[in-house]
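Work through the exercises below with the sequence and the model side by side, and try each task before reading its solution.

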Amino acid sequence: MKLRLHESIKNLVPYKPGKPVSETQREYGLDKIVKLASNENPLGVSKKVKQVLMAELENLHRYPDPSFFELTTAVCKKWNLKKDMLSFANGSDEILDHLMNFLCEPGEKVVIPKTSFIAYEVSAKTFRLEVVTSKVDEAAYKFDLNDVLVKAKADSKIRMVYIANPNNPTGSYQPERDLRSFCAEAAKIANFYVVIDEAYNEFVRAADFATAMHWPIELPNVIVIKTFSKAYSLAGLRLGMIHAAPEVIEVFNRVRKPFNVNWLAQKAAIAAIDDQEFLRQSQEVTWTGLDYFYKKLSELKLRYIRSEGNFVFFDSERDAQQLNVNLLKQGLILRPLLNYGFPTQFRMSVGTAAENEFAIDALAKGLQQVEVK
Ligand SMILES: *Cc1c(COP(=O)(O)O)cnc(C)c1O
């Protein structure tokens, strides 16, 4: 059967997640695998969250709360947000899809900075949107926000820009002053939205960074999305959050499915944001791990970028495909970035101290065995 498909669907390349541990074990016949490929939290699920999850198993015959009442109340209290400016989804990737769908008409365009999260592009194409790539500073991988403004002002088909702050896969970030004045300038462009994705903001150490979480109150052109997959360690349960103008949230709640967020995710998130100690430990393990990676990567004479996320972007100076196979055979899963257009670079998530040491040892071996490109 030949399907009649739109060009953008025909050419769609799906988002490629990190290689699963079980698949790697099967393929290479290994027992021990260290996966530092998906920026997951190495501490596992917090004890307090586990207790809540165990108790809530009793309630899984019921549909989840479609209005997120308890979760909304808890999140508003925690971050001092307004209820009518908040909603949730089955991971922040669901939010991307809805925004592309209801804020843009097919054939319109979204700006995505070069060297940013590939999921934005996949989502845009699914909704038959054209992707306009904005410039980055190739040394520090900072986004050229002025280039975004120039492009958006010149083309009335451009509906929005996605700013991951901090950015994945580079770990670079936009300082508060730059991003805030960019958002204010962008507000002057009709029907143009700035979507700020703060998947990693808990890990930032840079003093001139600030969360944009409250900006939509004054700047209704700003939409902030957040995930519970990283610092809150709930990647497997799928929960994302959107904070935006009430008008945006109202439509969002109409297009999403009523039961998009499962019961366990709603309950787990309430416990997770209350567990300050777990968050503190997550930050500590991340920062210690990053500093360890910086030191070891320097010793290995590899170039890397200082990261504000829970991962580091480095240049192996080897063919990434070849080095990746070598590392997989040793039981290490990192993220080669070939699909991001980086032929020799990798992204390595921070693990536990033991995992980090294992990764550096495997990498050192791999560098010996694979010739410099
Ligand atoms: C990991 C990540 C997310 C999280 O996505 P979920 O669908 O919520 O798991 C979002 N944005 C960026 C930039 C990420 O790296």
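**Exercise 1.** Locate the ligand in this predicted model, and describe the residues that surround the ligand.

*Solution.* Begin with the site itself: the ligand sits in the largest pocket. Next, collect the residues with a heavy atom within 4 Å of the ligand; there are 13 of them, and the closest are Asp197, Tyr200, Thr227, Lys230 and Arg238. Finally, sort this shell by residue class, which gives four nonpolar, five polar and four charged residues.

**Exercise 2.** Find polar contacts of the ligand, using a cut-off of 3.5 Å between N or O atoms, and then state how much of the ligand's accessible area the protein covers.

*Solution.* Start from the nitrogen side, where a nitrogen atom of the ligand lies 2.6 Å from an N or O atom in the side chain of Asp197.

**Exercise 3.** Search the whole structure for cavities of 30 Å³ or more, and work out which helices contribute to the lining of the largest cavity.

*Solution.* The search returns one cavity, and the volume of the largest cavity is about 30 Å³. Its lining consists of Asp65, Glu70, Leu71, Trp263, Gln266, Lys267 and Ile270, which divide into three nonpolar, one polar and three charged residues. Assigning these to helices, H4 (69–79) and H11 (263–274) each supply at least two, and H11 provides the largest share, with four residues.

Definitions and conventions. Residues are numbered from 1 along each chain as its sequence is written. This is a predicted model: local features need pLDDT of at least 70, side-chain atom pairs count only at pLDDT 80 or more; totals for chains, interfaces and linings use all residues. Side-chain values use heavy atoms; hydrogens and water are left out. A polar contact is a pair of N or O atoms within 3.5 Å; within protein, one must be able to donate a hydrogen and the other to accept it, and residues adjacent in sequence count only if both atoms are side-chain atoms. Accessible areas come from the Shrake-Rupley method with a 1.4 Å probe; for residues, only the protein chains shown count as cover. On a 1 Å grid over the protein atoms alone, a cavity is a set of points where a 1.4 Å probe fits but cannot get out, and a pocket is an open set with protein on both sides within 12 Å along at least five of seven lines; lining residues have an atom within 4 Å of a point. A molecule sits in a cavity or pocket if more than half of its atoms lie within 2 Å of its grid points. Ala, Val, Leu, Ile, Met, Phe, Trp, Tyr, Cys and Pro count as nonpolar, Asp, Glu, Lys and Arg as charged, and the others, Gly among them, as polar. Grid points are joined across faces, edges and corners, and a volume is the space filled by probe spheres set on the points.
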